[in-house]
Each structure stands twice: as structure tokens, then as C-alpha cells.
Amino acid sequence: MKKVDLKKILAAFGVVAFLSVLWIGCPGSDLTQGDAAEKTYVAPGKYDEFYLFTSGGFSGQVGVYGIPSGRHFKTISVFAQNPETGYGYSEETKGMLETSFGFVPWDDAHHPKLSQTDGIPDGRWLFINGNNTPRIARLDLKTFETAEIIEIPNAGGNHASPFLTENTEYVVASTRFSLPIPQKDVAISTYKENFKGSISFVKVDPESGEMNIAFQILVPGFDYDLAHAGKGPSHGWAFFTCYNTEQANTMLEVNASQKDKDLIAAVNWKMAEKYIAEGKGKAMEANYYHNVYDESEQTAKSKKLNSVKVLDPKDCPGLIYYIPTPKSPHGVDVDPSGEYIVAGGKLAAVIPVHSFSKMIKAIDSKNFDGDAAGIPILKYDAVLAGEVQNAGLGPLHTEFDGEGYAYTSAFVSSEIVKWKIGTWEVVDRIPTYYSIGHLNIPGGDSRKPWGKYVIALNKITKDRYLPTGPELTQSAQLFDISGEKMQLILDFPTVGEPHYAQSIPADILMKNSAKIYRLDDNKSPYATKSEKQARVERKGSEVHVYMTTIRTHFAPDNIEGVKVGDKVYFHVTNLEQDWDIPHGFAVKGLNSSELLIMPGQTKTVVWTPKFEGVFPFYCTDFCSALHQEMQGYIRVSAANSSTPISYNIQK
Amino acid sequence: MKTTTFLILPLLLAILLTGCGGKKKPVDPDKLTDFQLANGIGPVMKPLELKPIDKKTAAEGEKIFEQKCFSCHRLDQKLVGPPLHEVLKRRSPEFVVNMIMNPDIMIQKHPEVKKLLAQYLQKMTYQDVKLEDAFKILEYLRVQNETPITK
């Protein structure tokens, strides 16, 4: 036998060891344990345990996903036009995007919030804020459609929104970007003198869900960033983080990071209600729109409003206090008991946890440390319950599992840190890939979290998926938190930037989900409820086509007598009354999107023919075996022609 | 050999447990009764006792027919579905009501309706019709059954 060369063996061993380290060191390869697939596998035809609603970020929409599978079910059109459904294109839905700036077909959607009863998500509505042109939308969770959008006047950057009180009495809004209130033409350098913030309380009707701005509070010109309302003992209060208490107006990355501590504004909204009842609210001129989708008439109704009630803290003692909080705080989260208020100081080394009961004592004993524009600042130590040490770099947001633990996202160190409420000790931590922003636990900001999972909503995707050029998908990650140690079990991509997300057990929503719109309830003035009523009418240079669809024909399907320059309204009613039989409609040269019409719905699109000729229209949503036969023609004659209106319907 | 016994026994057990090759004849839940074969599967589960035609009900039925049925069914010609002028000469009144109320199951299980699907290639859907309205439609079709088509 040949003599064994020990050196060679060692070298080979070293190479193998090195390679295996490289191999194991590849992102993600060793991070999931053997049972991850089992935990996230939802067999074909089976349902997920939770619905997850993710903000669509700069897509302006809301994504609907299943947890634990991460499967994408629907994109709900909210603040942005959606050519897939015709939302914001059809005559019936354009009004949803009306604002005091005119038609604004886009926004930056950040924080989905499920309506609550007794501090527990009830599955009735989902609210979400539009950050850029300040708005709040309400989505109906029976239809999974946007039911209402209200514009927030006197605001810039509606970021701390639409966090809600424990019985959905109010959703809140505020100014991340302070501005002159009311607006005026001033030098930007006069920020400290002329700029103000506002905090809005938007009342939600307990039956219909309809919103109206109950009052706004004028506050010093800081950046109001995030919010949460109190619950249980702290019900009646709402908390807003403020950064840039330096009141810088340029190069904020340096100039707004000077102070050791910024602030949390604690607002006593029950007291605000009292002041409003006493008539302390001053009417201020403000232009804003309120758009409600009338489900019976199937049309958005836009109303222009011109006044809000404003409270000035100077006239309202006890309305608002500031809690010092290190440093440029971002998230502010209230634990399930309602006693602890957790702040995520982006630049802070610790997570400060404030105590609600200590706050009340400090207020009662006037334990103040100066004031900001007349608003008392409480002493840090008088309010503090404890600090979580070694909580990761750049802590942002905290959610709760209902078992006594809190989970904080740390952006800079890219991890989730689990800590114990009361002892403030960190008990577990796990990396996220990469740079987590918000995180969500089912019911994790409510009085009774369902726990089980935490979903990380990451800012950076990088090498997690097959590359798709410079622009990558957005990345969410699912962790099992049912054990002592968190376990990464799934990566799944999401649409737009998922800032925040909320989740709710599927059975709460499933049983209420609508299957069709009942034709009998369709009160649209443009509805055609039977093929016998289908018709074409000319009104001056407008032509109204009252059209029906059913598998597999349009009625009428041949139309003549339209002229170049006419405005042709196609009012299309889908006569189907069974689940999952939408029809689509498009005509050649449409300067708009298609219509996607659900069973029992009427939708309208405008077509302005530019040339003489004969133009086809057809069904765009594959509906049945004879879908390809579902077509028709519209003849366009010269502007001065005398071709009469005619159309056919099978006798 | 002992080892083969060890191998075969669990195999047999597995077959028994999964029901493969079981000899017991299972009851076919999809087997239709004679009534269902003649009258369809749906809310009408016993023979109807029809009264003389009521013209007023038939007129109400015509309106419902126009809204719920007319886009797919004409009286005298094939469209999405078969012509219905003399449907009561081909089908029992019970069958007609069950077809209106329960088309999904009729398409899945009834041999006559399966044949119709193969012919028309469109699945009839439930059009959100109340049972009392289905009887009104039936009344309308009874009138049609006795009225010759005029062209």
C-alpha cells in the first residue's frame, strides 16, 4: 500500500471544510429547519389560516395574501388607478380619486389597519392612509373593495395614520411634514415661525363606517411620524411620535438628529371631545374632498367640503402632553394590557418603554420638564417603566404575541428582537433578509393577539430571489413564533413596498365575503337589467350604449350611427348572478382601460372615436367555452353623415 | 421465510387500511333515485300538484324570465341554452324548477343535463332566483307550452 500523505489529506480536508463553510454561508441556505415546508404548506384546494393585508406602498394599493403559504389572492385598488379592473378609469370609480388638487390617481399607501371592537380586530373594514396627498381610505371586507376615501386638509405627509381607537371611534391622521396652516406663501427659512403640525381625529360611523373629520389639533411644527391609540386603561388617549423637534427645514439627516431626546405626544381625545362639546373648536376654512362609493347606485359620490373644527392646545389645558423619548423615535406601540407604550428610537441605543399609569401620576403631580410652545413636557424618568438594553440597532416597531413577549424590528442590524414585558430582557433574536421595517403578528397591536407568526416586511431584497434586473420584488418573511425560539419558515414576495401589514384569522372574513352583486339591488341609473332593455340612445353628440353581457354575447353586438367626434358611453351590465363569472369589455382605440364587470355590476367607459370605420369590441376576461365568440362591432361614420342609430338584439 | 412475512404483513395491512381491493360494495352517494332521474335534483323532491294555469302569476313569471333567463334562452331558437317554448313537453315541471334552482349539481350529476352540457358547452348558472320566483317562471312556461309560436 502506498504511504498515506498526511499533509495532502489535511489539505484536502481543509479545502472541503472551507468549501462547506462557503456553501453553508450562502444566504439562506442554512436558515430554515427541516419542518419549514410542512409549516407553510397549504395543500391544493385547502385554505390558509390567516388573511394578510399588506400596504402596497408606492403602488398605492393593498395586497391580500394567505398565511402561512404567502400566496397572493388579490390586489385591492385604493389610491391608484388600476387598468386590470378599470378602477379609477371607469366613470363609476373616477370620483374615488377626486381631491382638492383635482384628480390624483396615485398615492403612497403605508399602514393598513383592521377595524376593532373592544380592542380586537372585527373584520368589518380595513383603513389605510395615503401619505402624499393626505387621505384615508376605508375598504369594505365583504367586497374587498374601496368604499370611501376622505382627504385630510391642513396636512403634509399623512404618515401617522390611520391608527384607530379600540372601538374604531376614530382613525387618526397627522402631518409628517409640517406646513403653514392655513397655507400661505412664505419663505421656507421661516419654518420655526410659520410652520405648524396638525393631528386629526376622523370619526367613524359605527354602523356605516362612514368617516368625517371630527376635529384637528394644531401642534408645534415637528414631524409627526407614527401613532397608536391607547387600549383598556389607556383607552381615551392616543400617542404620536415626533422627530425633528429641532424644527430643521433643510438637511434633516443631520439637523434633525441633534437632540438626545425627541418627543411622544400623548393626546387625551376624550378631553378633546369635551372641548368640542363646549364649543372650543374654531371653524377653519379648509378645502377637501370626501368620496363615498354608493354600493347600491354603484357609483362614487364626491363631496367638496370647506371647513374643519380646530382645537388650539393653548385654549385646552390637559389636552396634550409630551413625553421625552430618545432619539428620533419612529414607531409607538401599546402593549395588549394598555399599560406600556413602547417607542422605537431610530437612532437610540435602547428601547424606552413608558408606563401609562406613571404618565397619569406625572401629569397629576405636574412633574414637568419645561414645555414646547406651551405644551407641558413630562419628566423622562417620571414616565419611564424600563429600557430594553441591547435591542438591536435602529429599533423601529414593536408587536406583541399576547403571551407576555414583545417583538421589535431593528432596521440597521436587520433582525427581530424578542423581549419580555416587565423584565425588559432580550430572550431571542433572529436575522431578517434584509433591513426589516414594520413587522406584524396576527392581532399583534390589539388587546388579544392571535400570535403564532410574525411577518417581517423588509426594505431590501437583494439576493433573495431570482434576479429581475435592477428592480426587484419586495420581500416579506414569515417566522414561526409558537416556540421559544423564532424560526424562519418562508420568504414570499409582495407588490409595492409593504410598509405595514395586518392579519386576521380567515374564518372571521370568509363567512362574510360577498359572491355576487345582486341585480335586484343594482340601482345604477345606467343599469340594463334584461337583454330586452338593451338599447342605444343619442343625446346630441353623446351616444349612450346600454349593453348587457352574459356568456357568451353582448347585447347589442352590432351598433351603427356613431359619428367621429361623438362621446360614446358604454354602460355595461353583467347579467350573470353566479360566483366568479366576471366579463370584460374593451373596444379598439379606447383611451382608457378595459372594464372588468362583476356579476350584477354596471360599469361605464367612455370612447371617443377618431376615425371612420368599423371597430371591434370584445370580452377581455375568459368567461366560457365560447369566450372567443364574445365580440361585436361598432360602425363610425363621418361627423356630417346621416347614418341613423341602429343596433341589433336577438329577438 | 420470516423476512418475507415481515414484509408482506404490513403491506397487506396497508392495502386493507387504504381500502384498495376491498370487496365490500360501497353505497354510491351519487346514484340518482328514479324520482331524481325523472324530475331532477333540487328543492323539489316529490311530485308537484299543479293547479290550473294562473295567468297573473304567469305574467309575473314572464318579467322574471326576461330578467333572469332571457339573455341565454329564447322560446323558439337555440341561443346560449336550448329553446324553452315546449320545454314542458321534454321535461317535467319538477325538473324545470330543480334546473333553475340547482344547476351546479344538475350539471355534475344528472345524465340528461350532462348531455346538454356536451351539446351546448356552457354551464348553466344559478341566477339568484328565489324558489317562489322559479314557480312563477314555471307558470309562464306552462302558458308557452300551450301557446303555438307565431312568427
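Okay, let's start with a hairpin: β21(A) is joined to β22(A) through five residues. Strands here are DSSP runs of E, at least two residues, numbered from the N terminus, and two strands pair if DSSP finds at least two bridges between them.

Quick housekeeping: this is a predicted model, where local features need pLDDT of at least 70 and side-chain atom pairs count only at pLDDT 80 or more, while totals for chains, interfaces and linings use all residues. Residues are numbered from 1 along each chain as its sequence is written, chains are lettered from A, and side-chain values use heavy atoms, leaving out hydrogens and water.

β21 (340–345) and β22(A) run antiparallel, with three bridges, and Val342(A) sits opposite Val353(A). On to β25 (384–388): four bridges join this strand to β22(A), also antiparallel, and there Ile351(A) stands opposite Val388(A).

So how buried is β22 (351–355)? Five of its five residues are buried, so this strand is largely enclosed by the rest of the structure. Buried means under 20% relative accessible area with a 1.4 Å probe, protein chains only. Ile351(A), Val353(A) and Ser355(A) point one way, Pro352(A) and His354(A) the other.

Now the cores, meaning buried Ala, Val, Leu, Ile, Met, Phe, Trp, Tyr and Cys joined through side-chain atoms within 4.5 Å. The largest has 31 residues, and Phe201(A) and Tyr322(A) are among those with the most contacts inside it. Its largest share, four residues, comes from β14 (223–229) of chain A. A second, separate core has 25 residues, including Val62(A) and Ile508(A).

Technical notes. Buried < 20%, exposed > 50% of the residue type's maximum accessible area, 1.4 Å probe, protein only.
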